[in-house]
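Subject: Structure handover

Hello,

Please find the structure below. My notes on what was found in it follow.

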Amino acid sequence: MSQHALSDQQVTSYPPKSPPPLRLDALDATGKPLEGVERIMMTAFIKQEAMEKAREIEIKANEEFEIEKSKLVRQETDAIDGQYEKKFKQASLSQQITRSTVSNKTRLKVLGSRQELLDSIFEDARKKLPDGVKDKSKHQKVLKGLILEGFYAMNEPQLHIRARKADYDLVKKAIDEAAKEYKKKLSKDVSAKIDEDQPLPEGSVGGVVIVSGSGKIEIDNTFETRLSLLEDSAAPAVREALFGQNPNRKFHD
């Protein structure tokens with residue numbers, strides 16, 4: 001063998017190459033290397049374990065995500081529901097206020113219209129008062145009733161009567177008739193004289209004013225005053241006759 005050939009052998013064979021390092025997953029429990037199928041099975045097992053562990057982590061992460069998402073959704077839903085309920089209450093309150101305002105305005109308008117109608121009725125009656133004195137017989141009968149009422153209320157033996165000058169003759173007859181009926185009912189005498197010094201004003205429609213003997217007490221039974229009293233006392237009855245009974249009224253006279 002030549003020197004050149006020896007040199008080539010020495011170059012190719014020295015120093016000797018090291019074997020490849022063993023992988024950790026290719027060792028058994030005692031540290032010996034696994035061969036063939038055993039190593040493949042162990043590798044597959046470890047890989048399967050790792051995949052299952054990863055799957056468990058993923059499932060748990062998804063569950064926690066869903067729980068957190070549901071919590072956030074519930075919180076947002078509750079917040080939205082709370083805002084909606086608040087706005088709904090505000091809208092309901094505003095609607096109630098509006099409805100109450102409209103109802104009150106309508107009620108006041110109706111009451112105002114009804115009062116205007118009542119006022120017009122009594123105003124018409126006031127305008128027709130002069131027609132009541134045209135019939136002398138009826139006028140005298142009315143005067144008698146007004147004077148007799150004053151006799152009963154005063155219950156005095158001597159009284160004064162104020163009347164229109166135009167009615168003096170009718171008033172004198174009415175006084176006599178009223179005095180007779182008074183005595184018949186109470187078995188007592190009463191006398192009354194017309195106070196010609198203080199007649200009723202010419203603008204008065206009629207009627208009488210009964211004055212006590214001392215002049216300190218008066219009963220105004222003129223037609224105008226009686227109509228005003230009737231307007232106050234009879235208004236509820238007239239209102240009921242025109243508009244029906246008020247369903248909201250709890251007490252009645």
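Burial classes rest on relative accessible area, with a 1.4 Å probe and protein chains only: buried means under 20%, exposed over 50%, and partly exposed in between. By that scale arginine 226 is partly exposed, at 29% relative accessibility.

Two points on provenance. This is a predicted model, in which local features need pLDDT of at least 70 and side-chain atom pairs count only at pLDDT 80 or more, while totals for chains, interfaces and linings use all residues. Residues are numbered from 1 along each chain as its sequence is written, and side-chain values use heavy atoms, with hydrogens and water left out.

Overall layout

The protein chain has 5 helices and 4 strands, in the order α-α-α-β-α-β-β-β-α from the N terminus. These elements are DSSP runs numbered from the N terminus: helices are H or I with at least four residues, strands are E with at least two. Of the 253 residues in the protein chain, 20% are buried. The accessible surface comes to about 19600 Å², and carbon and sulfur atoms account for 56% of it; areas come from the Shrake-Rupley method with a 1.4 Å probe, and for residues only the protein chains shown count as cover. Taking contacts (heavy atoms within 4.5 Å) between residues at least 6 apart in sequence, 70% join residues at least 24 apart.

Salt bridges

The count is 10 salt bridges, where a side-chain nitrogen of Lys or Arg must lie within 4 Å of a carboxyl oxygen of Asp or Glu. One of them joins glutamate 149 and arginine 226 at 2.9 Å, N to O. This pair links distant parts of the chain, with glutamate 149 in helix α3 and arginine 226 in helix α5 (residues 223-243), 77 residues apart. Glutamate 149 is partly exposed, because its relative accessible area is 37%.

Two others lie within helix α2. Glutamate 85 and lysine 89 meet at 3.6 Å, N to O, and are 4 residues apart, about one turn of the helix. Glutamate 85 is partly exposed at 43%, whereas lysine 89 is exposed at 53%. Glutamate 123 and arginine 126 meet at 3.0 Å, N to O; they are separated by about one helical turn because they are 3 residues apart in α2. An α-helix has 3.6 residues a turn, so residues three or four places apart point the same way.

Helix α3 has 19 residues and reaches 27 Å from its first C-alpha to its last, close to the 27 Å expected at 1.5 Å a residue; the expected span is 1.5 Å times one less than the number of residues. Its buried residues include Leu143, Leu146, Ile147 and Phe151. Aspartate 135 caps the N-terminal end of α3, with a side-chain oxygen 3.2 Å from the backbone nitrogen of serine 137.

What follows α3? Asparagine 155 does, with a positive phi near 55°. Asparagine 155 sits in the loop between α3 (136-154) and β1 (158-162). Serine 187 also has a positive phi, near 60°, and lies in the loop between α4 (168-186) and β2 (191-194). Most residues other than glycine have a negative phi. Serine 187 counts as exposed because its relative accessibility is 64%.

Regards

Technical notes. A polar contact is a pair of N or O atoms within 3.5 Å; within protein, one must be able to donate a hydrogen and the other to accept it, and residues adjacent in sequence count only if both atoms are side-chain atoms.
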